[in-house]
2 protein chains.
Amino acid sequence: MSTTLTPSGVLEASLYATDLNKAEEFYGEILGMKKIARIGERHVFFRAGSTMLLVFNPMETRKPSGNPDLPVPSHGSVGQSHICFSATAEELDAWSGHLTECGIKIEADFLWPNGARSIYLRDPADNSVEFAERRLWFDQEITSS
Amino acid sequence: MSTTLTPSGVLEASLYATDLNKAEEFYGEILGMKKIARIGERHVFFRAGSTMLLVFNPMETRKPSGNPDLPVPSHGSVGQSHICFSATAEELDAWSGHLTECGIKIEADFLWPNGARSIYLRDPADNSVEFAERRLWFDQEITSS
């Protein structure tokens, strides 16, 4: 079924972590993201440009909402997820240096076929966190099907 | 450790699904998102404004990269994850009608305390998909800690 509607953007991207204090330290302190909300052991939310990064504790978000005014559906995954943040070529150099200084291992650092660079590391919950140049996707589209 | 660096945005948000054909039909046809790449049973990627939505099959992405030139780290979660797309008030009405016509149940539809509306549904992999007004986060910040 076709439609003329299409999502104009991602408002919230999610990751899962059972230790929100470690997540808050990593995303808030080491990555320098602005914390927007923290609700106990349920979630901690950050801003990344025009998108929110939501870090949820799946042990809590799997429970049904107890608030009839805010019937947020349950969810909660386990295992390593993935997120990628935008970075310029200059920022990638700075991130690589900063993360290494913080004792975080750069797990991979390579150029994609279109020349865009990505670096990869792990957050405290072992999620795969990437920083990549926007031109990986937005200067030169990969249209293979 | 403080830093002046901060991610300028989310370049890639991820979801996981073991049936990529169903994911492609849902995100590509029903949500009308532009497909950017599909690699067999490993992944299907879509564009959502200035962010990519990556849908991965965790059975495949957990395997080590076999390409020494592209040593993409492994990842792969299971269970229900969450994503939220931006929508205007008018688009929310249109999405609700369109999704219902497509036989997709609107699981929740409510107003947050700041007046922003969200609707929630499930993708074929049971991920929690939300459409929300941007003012949920970006006109009026929630600064509770």
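I'll start with what lies over helix H1 of chain A: the cover of its buried residues includes strand E3 (43-48) and strand E4 (51-56) of chain A. Contact here means C-beta atoms, placed from the backbone, within 7 Å. Helices (H or I, at least four residues) and strands (E, at least two) are DSSP runs, numbered from the N terminus.

This is a predicted model, in which local features need pLDDT of at least 70 and side-chain atom pairs count only at pLDDT 80 or more, while totals for chains, interfaces and linings use all residues. Residues are numbered from 1 along each chain as its sequence is written, and chains are lettered from A and ligands numbered from 1 in the order in which they are written.

Back to the helix. Within H1 (residues 20-30) of chain A, the buried residues are A:Leu20, A:Ala23, A:Phe26, A:Tyr27 and A:Ile30. They line one face of the helix, because down the axis of H1(A) they fall within an arc of 165°, taken from the directions from the helix axis to the C-beta atoms. Buried means 20 or more other C-beta atoms within 10 Å of the residue's own, exposed 12 or fewer, and partly exposed in between, with C-beta atoms placed from the backbone. After H1(A) comes A:Gly32, with a positive phi near 70°.

Next, the loop. Most residues other than glycine have a negative phi. A:Asp126 has a positive phi, near 75°, and sits in the loop between strand E8 (117-122) and strand E9 (128-132) of chain A. A:Asp126 counts as exposed because it has 12 C-beta neighbours inside 10 Å.

In chain B, B:Asp126 has a positive phi near 75°; its loop runs between strand E8 (117-122) and strand E9 (128-132) of chain B.

How values were computed:
Two residues are in contact if their C-beta atoms, placed from the backbone, lie within 7 Å.
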